[in-house]
Amino acid sequence: MWLLNTTTYRLHFEPDPARASYAILSHVWHAGTEQSYQDLLAIHAAARKAFHDDVTDDDPQLLALVAQQLAPKIRDCCSYALARGYRFVWIDTCCIDKTSSAELSEAINSMFDWYSYAEVCYVFLTDVGDEDNPKVYASEFSGSTWFTRGWTLQELIVPRNNIFLSRDWRMLGTKASLVKAIERITGVDRDILLHVRPLHSVSVARRLSWASSRETTRIEDEAYSLMGLFGIRMPTVYGEGRQAFIRLQEEILKRIPDQSLFAWGPRTPLSLPGEPVAYRTRPPVDELRASKGAYLFATSPQDFRVSDDYAPVPYGTFCRTISLPASVPPLHMTTGHGIRTSFPVLRVRFPHGTTAGDKSGVQSQDSDTIILGLLACSDSKGHILGLLLSETEGFSVGEYLIGALDLPPKRRRAAVRPRIGHNKGATIRYARTSARIMSVDPSWFSLPEAVRGSLALQDVCIPYQRLQVESELLIFKQPLTWPTAGLFCPCQILLPRWTLAHFRELGITCNVEADENEMKPVRLDSTQPTYVLTLCYPGFADEIVITLSMCPLQGGSLEKPLHVAVSWTEVTIETDVTAEATSGEQADSEPSSSTLDICGDAHVGSWEDGERAFPSPSGRFAVVLQLSMWQTNETVGTGAMSCGVYALDVRFDPPLVFVDSS
């Protein structure tokens, strides 16, 4: 550990920080103004060159020259600590050689200890004035950026003595004197801040919730800044992105028997009684696999923002609560298929009926069952938490995804009555588009099995998330960025710039109106239900005709599925094809009936990942179309005129090459 001498401004290596006496600085970094370990060495080297003779480290002229070159934050911190009797101070900007990956990794893994060994931690708040009253709700102190940074969480919790300083290094108060305001601002328990209660007495979910509103410059630091709060040490690998937080949770799982680690994301209660309203219980497996909520591990501390009231339940107590014979706590094993473990699984059946939001009125065979993987943890009301499980038919036996409760479109609340022989039926209520966690009142488990549903210990396997397909999906409140069953008309269609550029590279001409190489969106609605895109490639004798339309077979509703067909028409006159045709112009000849689908696969909602290949009549190549939201959940217009904006990407398989039409 490198310490900075507050008198000479020289770095001193301390092999045993636990035996050293030093102050420590907590602050917010400001890009371009912080001095590094190398900067301090260079300042001292340059200052010594100004003297012809050797000088001692405490030479007044040398110290004055060095002090002039130091950043004000470092110089003022040394002066403040020295005036209070501290010979050494530790500042993270200049006391770590960040050019050494080994030293950086050691420092990050040891930082929790270093803050705990420090005799005092000075919290320097550059955005708080001397006259500010920290105890006032709307104070500068309450709005300080320091409370929003990831690394400062452990810097707040770990030291026993925090002193908060204004931008002019005036004392605002101590952690003890400001504990009420700090607890309100951060959500961290008063007893934890004052070290009355040990940190390990707080659930994993609650500790992670403290970091849910904090930010870090590097994504990996979301995980690295929390390692000390869980007693975790692991290699730091900058560049791994979200995988760092996954690794942190894996390490927590190995060391802390607390299943609240899995309890994150939207929650809904299983309560008695309620009003019956149908809803969909089984979202398509491909939708679940594409959502981050379908897996055991979260991708960011932000996922724990509503998990602050979760606490573990001793496993024996848990078994008695759910009326299950006592057993050995489950093991969580990492395998090539995913996390394999066991949960008490509760299955509650519901009456058959039309699934809300399902216009066909057809319900899958097992969509009448809610499957809950019960966790040995509870909320502040004492309700047991369970993961909403969805079986992945066609995949591994015993494999489940999480998030099997989906609200009907445009509905805020819903409830459904299970199939029971009791006049006071149970009700599942929720107020979000998608739920991942369900809370169950303990009295539920004392009901007869016909009412309660079946309950048994079961082995389950939950696969790993494929982080490479994440793409910042907002799966709890917004649809996926690639199409699901939710691409409907009215809508606007456009071809992205890269698609138009690809056409130019291949010598393809088309009937697209473009302004500065960007297509003007074309609207499909009841007044213009069809748009025909015609492509002419010099290497083909036929034109490729792509027809996008409102579904011709579903009438009566203003909202209809988007229907797409591809056909080939013979070019009878050899002329140069230009791009001056009107964007809504119809093809000169009718599409071939052999290639024009009537609904079925023509609905974009039935395409996997919004993509489908249309083979040519000769079978030598295929036109590959992919439709996606142009931006996440983007709509244009208001009221009845509002509609989604969809991007149409056109590719060819195998890829085409440029053909000179001249």
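Predicted model: local features only at pLDDT ≥ 70, side-chain atom pairs only at ≥ 80, totals over all residues.
Residues are numbered from 1 along each chain as its sequence is written, and side-chain values use heavy atoms, with hydrogens and water left out.

**The chain as a whole**

- The protein chain has 14 helices and 33 strands; helices (H or I, at least four residues) and strands (E, at least two) are DSSP runs, numbered from the N terminus.
- Of its 662 residues, 52% count as buried, where buried means under 20% relative accessible area, exposed over 50%, and partly exposed in between (1.4 Å probe, protein chains only).
- Among contacts (heavy atoms within 4.5 Å) with a separation of 6 or more, 68% come from residues 24 or more positions apart.

**The seven-stranded sheet**

- Seven strands make an open sheet with mixed pairing, in the order β2-β1-β4-β3-β5-β6-β7; two strands pair if DSSP finds at least two bridges between them.
- The edges are β2 (11–13) and β7 (171–174), each of which pairs on one side only.
- On average, neighbouring strands of this sheet are turned by 35° against each other, direction ignored; axes are lines fitted to C-alpha atoms, for helices over the stretch in contact, and angles run from 0 to 180 degrees between N-to-C directions.
- Helix α4 (residues 101–117) packs on the sheet and touches β1 (2–5), β3 (23–26), β4 (88–90) and β5 (120–124). Its direction makes about 110° with that of β3.
- Strand β3 is covered on both faces, with Ala-23 and Leu-25 buried on one side and Ile-24 and Ser-26 buried on the other.
- β3 runs parallel to β4, joined by two bridges, and Ile-24 has Trp-90 as its bridge partner in β4.
- β3 also runs parallel to β5, through four bridges, with Ser-26 opposite Val-123.
- β6 (residues 162–165) and β7 run antiparallel and are joined by three bridges; here Phe-164 stands opposite Gly-173.

**Helix α14**

- In α14 (residues 497–506), the residues Thr-499, Leu-500, Phe-503 and Leu-506 are buried.
- Seen down the axis of α14, these buried residues fall within an arc of 125°, so they line one face of the helix; the arc is that of the directions from the helix axis to the C-beta atoms.
- On the other side of α14, Trp-498 and Glu-505 are exposed.
- Gly-507 follows α14 and has a positive phi, near 80°.

**Salt bridges**

- The structure holds 18 salt bridges, each being a side-chain nitrogen of Lys or Arg within 4 Å of a carboxyl oxygen of Asp or Glu.
- Glu-34 and Lys-73 meet in one of them (2.8 Å, N to O). Glu-34 sits in the loop between β3 and α1 (37–49) and Lys-73 in helix α3 (residues 72–83), 39 residues apart.
- Within this pair, Lys-73 is buried, with a relative accessible area of 12%, and Glu-34 is partly exposed, at 21%.
- Asp-113 pairs with Arg-233, their closest N and O atoms being 2.5 Å apart. Asp-113 lies in helix α4 and Arg-233 in the loop between α9 (221–224) and α10 (243–255), so the pair ties together parts that are 120 residues apart in sequence.
- Arg-149 and Glu-215 also form a salt bridge (3.8 Å, N to O).
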